[in-house]
Amino acid sequence: MSQAAPHARYEDIVRFVRSMDFPNEAARRYTEIHLHRIGRTLERVPSPRSSGRILELGAYMQMTPALQCVLGYTEVRGAFFGPLGRVDEKSITSGGREIFRCVVDLFDAEKDRYPYEDGRFETVLACEIFEHLLHDPMHMLTEINRVLEDQGTLILTTPNVTSFTAVARVLEQSGNPQLYSKYADPRGEYAETEIPHVREYTPLELTEAVESAGFEVVSLTTEASPGYENEQRVRKILERLSYSTDLRGEQMYCIARKRSGKPTIRYPKFLYDV
């Protein structure tokens with residue numbers, strides 16, 4: 001499993017995220033549970049080098065403020081699922097004082113043309129979204145490619161369906177190999193809009209999808225997710241059977257760069273029944 005040491009700014013990111021005011025205790029608990037992933041994702045975001053414009057798809061406002069307040073992007077835009085054309089404005093406070101404000105555009109990430117001109121952003125984040133897409137995941141990747149400038153960076157994170165945990169669940173018949181396979185509580189507030197994990201990907205599948213959309217994968221790494229303790233025993237089984245133990249963490253982090261003129265495949269055969 002490929003795992004990089006934490007970057008020097010990881011602690012700054014975590015400290016900043018913890019300093020934000022949260023709308024309720026449930027939101028704070030959720031952020032704390034996922035804080036390591038949030039920090040590890042944000043430390044992979046490159047420093048601004050051209051326009052200073054960055055887009056976060058699926059902006060829950062947990063990572064969004066740090067893009068400006070810690071990483072130094074001058075124009076931060078959020079996007080969220082909703083009716084195309086609607087625009088919300090979100091703000092974040094710390095200690096009761098506003099520290100961040102941004103515009104959040106609403107649209108369907110796998111159906112609509114994104115409301116930005118070609119080459120608008122130098123960086124786009126698509127974190128914990130790809131596994132939820134129901135109809136056309138390549139639409140999201142091709143639209144991201146369109147709104148990125150040449151040499152712009154895509155940061156994509158998603159679970160790994162070939163992780164040590166997935167292998168253990170299959171061998172033990174103890175659960176679904178997807179890291180998360182539950183439906184939303186039908187009695188809950190988000191029962192009608194919350195889409196579960198439709199499809200989790202292997203590292204090779206993720207690489208093929210990203211490259212098919214006109215990107216060059218700069219790095220694809222995996223890490224163990226807190227709370228999963230299958231690594232050592234499953235590693236020994238795989239080694240004994242001469243199977244690879246690389247890229248077996250539960251969380252995948254992909255960094256890719258747009259390459260203008262790179263051939264694209266709109267409907268990769270591994271993903272679509274075409």
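How many aromatic pairs does the structure hold?

Guide: Keep in mind that this is a predicted model. The structure has six aromatic pairs.

Now hop over to phenylalanine 130 and tyrosine 201. Here the ring centres are 4.6 Å apart and the planes make an angle of 25 degrees, which is why this pair counts as stacked; the cut-off for that label is under 30 degrees. As for where the two partners come from, phenylalanine 130 is in the loop between strand S5 (121-127) and helix H5 (137-147), while tyrosine 201 is in the loop between helix H6 (164-172) and helix H7 (203-212), so their pairing ties together parts that are 71 residues apart in sequence. Phenylalanine 130 is buried, with 1% relative accessibility, and tyrosine 201 is buried at 1% as well.

Tyrosine 201 also has a charged neighbour: the charged end of arginine 199 sits over its ring, 4.8 Å from the centre. There's another contact of this kind at tyrosine 253, where the charged end of arginine 44 sits over the ring at 4.0 Å from its centre.

Back to phenylalanine 107 and tyrosine 116 for a moment: ring pairs link these two with Tyr114 and Phe121 into a cluster.

Definitions and conventions. Residues are numbered from 1 along each chain as its sequence is written. This is a predicted model: local features need pLDDT of at least 70, side-chain atom pairs count only at pLDDT 80 or more; totals for chains, interfaces and linings use all residues. Side-chain values use heavy atoms; hydrogens and water are left out. Rings of Phe, Tyr and Trp (its six-membered ring) pair if their centres lie within 6.5 Å; planes under 30 degrees apart count as stacked, over 60 as edge-to-face and the rest as tilted. Helices (H or I, at least four residues) and strands (E, at least two) are DSSP runs, numbered from the N terminus. Buried means under 20% relative accessible area, exposed over 50%, partly exposed in between (1.4 Å probe, protein chains only). A charge sits over a ring if NZ of Lys or CZ of Arg is within 6 Å of the ring centre and within 35 degrees of the ring normal.
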